[in-house]
Amino acid sequence: MQLTNRSKVVSNKEMTLMERAYLPAIVKGMGITLSHLFKKKVTIQYPEVKRPIAPVYRGWHVLKRDEQGRENCTACGLCAVACPAEAITMTAAERKPGDENLYREEKYASVYEINMLRCIYCGLCEEACPKEAIFLTDRIVPSDMLRQNFIFGKDKLVEGTTADKRIDVGVRGGAHRKED
Amino acid sequence: MAKVTIDGHTIEVPDGTTILEAARKIGGAIVPPAMCFYSKLKTSGGYCRTCIVKVSKGSDKDPRPMPKPVPSCRQTIMDGMVVENITSPEIMEARAGVVEFLLINHPLDCPVCDQAGECHLQDLGYEHGKAGTRYEFKRRTFPVMDIGDNIKLHMNRCILCYRCVKVADQLCPGRVHGVIGRGDVAEISTYIQNAVDNEMSGNMIDVCPVGALTDKTFRFKSRVWFTKPVNAHRDCDKCCGKVTLWESGNEVLRVTACKDTYGEVEDVADGKPGWICNTCRFDKKNITDWTIEGPRKIDRHSVISANHYLEQKALKMDIKMQKLLGEKAHN
């Protein structure tokens, strides 16, 4: 079965004088190399320069708060059961009297962890969430040297309370939910 | 003996059997759902109306149809009766209406509720496409209450099925809880929060079809679908000692009675219902207290079996069934 037209048949025929001289082949090869100096570069200088990404790009998750700064997540576990990579784990806790301004419902996630190395960024957690708590954002997960640093806890997932610490979820915030 | 036809299936049952019991003898999808009826509790049923069916022929002697949908948990069969349940579109519509009524005051807080995943009201709402609500008015609300040391009562979620009252009546001598108030303000209460301390009182958690009565020792510990159910037993002088343990790793998070397909407590060897005592339910949370028998079979369509491996045979059967249903829908 032929898969491509670019395949070359390898032969063991004896080389001609031109080929045996090697020098013309080297010159030809260097010519190709030099010609690339004058072509447009395919790479960009990230992070100074960034490529445009789709508005529905799925990157680093965020756990949203409501307008009053209370966490939306109630640790219902639907994201974890929807997750095909089993990247999400959580521990629920009961809200104590006096914490009403921190958590929206009587139950909240005391521990919420996403293993970013397991995550395949499919967005099913966002789809499963009944509380509009988890969203995938256009932020790219930074690189790191240690595996344990890729287990993101609530410190890296929950957005801040002040206006400048809020994380915009762009078109994902509510737009696709209106269809239901 | 009387002959009854339910959705085209004919069965002969003893006189005095209710339509629901006859349907359960046939089994499968034609069994009407029941929120308040509980075969192991005497005088239960007749409150919720989810089990309504159409009787298109009263009996051989009097073949007139019954003028209204009848609750199948209370209506006894007559010889030659013809009953329609899922084959009758008007019954399905009426039942969807009943579900909507049950959900009127229900807070729909499934993400918080510990019953989610094994809740009959959730299943019922889902099956009838009533996962949302049209109700715009203020729902009745009650504060969360402790009934005894180990039971939490969320009156908001209650649908007043009276099952727990029957448990208190029939299993716990000297009952201390019941329904107070009437109509819209009726509520399950212990009356001045008297502690329910009877040894069998924990069974009201098992009979509750919604998340109104929940186990305080399991409160917010885990979602049911993250726990692994196993059959286990121990020697108990107060009850049968046959239970289902809900484990996470090697930790026993919750102990419940063994429940059958209809969410009712299974009979144990001597033919009596397998109610379990509070010691087994709340205090024996160590895996060494129990003799493990093996994994409990859970319906594949339940969320509890999500992400769990299946038996090869069950999987094959299921695929065959799905294919058949698909072909039927196609034709």
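## Exercises on a predicted two-chain model

Helices (H or I, at least four residues) and strands (E, at least two) are DSSP runs numbered from the N terminus. This is a predicted model, in which local features need pLDDT of at least 70 and side-chain atom pairs count only at pLDDT 80 or more, while totals for chains, interfaces and linings use all residues. Residues are numbered from 1 along each chain as its sequence is written, and chains are lettered from A and ligands numbered from 1 in the order in which they are written.

**Exercise 1.** Describe the order of elements in chain A and its overall spread.

*Solution.* Start with the count, which is 5 helices and 5 strands for chain A. From the N terminus on, these elements follow the order α-α-β-α-β-β-α-β-β-α. Next, take the radius of gyration over C-alpha atoms, and the globule rule as 2.2 Å times the number of residues to the power 0.38. For the 180 residues of chain A the rule gives 16 Å, whereas the radius of gyration is 26 Å, well over that value, so chain A is more spread out than a compact globule. Finally, the C-alpha trace of chain A spans about 90 × 40 × 40 Å along its principal axes.

**Exercise 2.** Check the length of helix 2 of chain A and decide whether it is buried or in the open.

*Solution.* The expected span of a helix is 1.5 Å times one less than its number of residues. Helix 2 (residues 23-37) of chain A has 15 residues and should therefore span 21 Å, which agrees with the 22 Å between its end C-alpha atoms. For burial, count the other C-beta atoms, placed from the backbone, within 10 Å of a residue's own: 20 or more make it buried, 12 or fewer exposed, and values in between partly exposed. The number of buried residues in helix 2 of chain A is 0, so this helix lies largely in the open.

**Exercise 3.** Locate the largest nonpolar core and the surroundings of B:Met204.

*Solution.* A nonpolar core is a set of buried Ala, Val, Leu, Ile, Met, Phe, Trp, Tyr and Cys residues joined through C-beta atoms within 7 Å. The largest has 69 residues, and those with the most contacts inside it include B:Ile159, B:Met204 and B:Val243. Helix 1 (residues 19-26) of chain B gives the most to this core, with 4 residues. With neighbours within four places in sequence left aside, B:Met204 is in contact (C-beta atoms, placed from the backbone, within 7 Å) with B:Cys164, B:Val167, B:Ala168 and B:Leu213.

Key
Contact = placed C-beta atoms within 7 Å.
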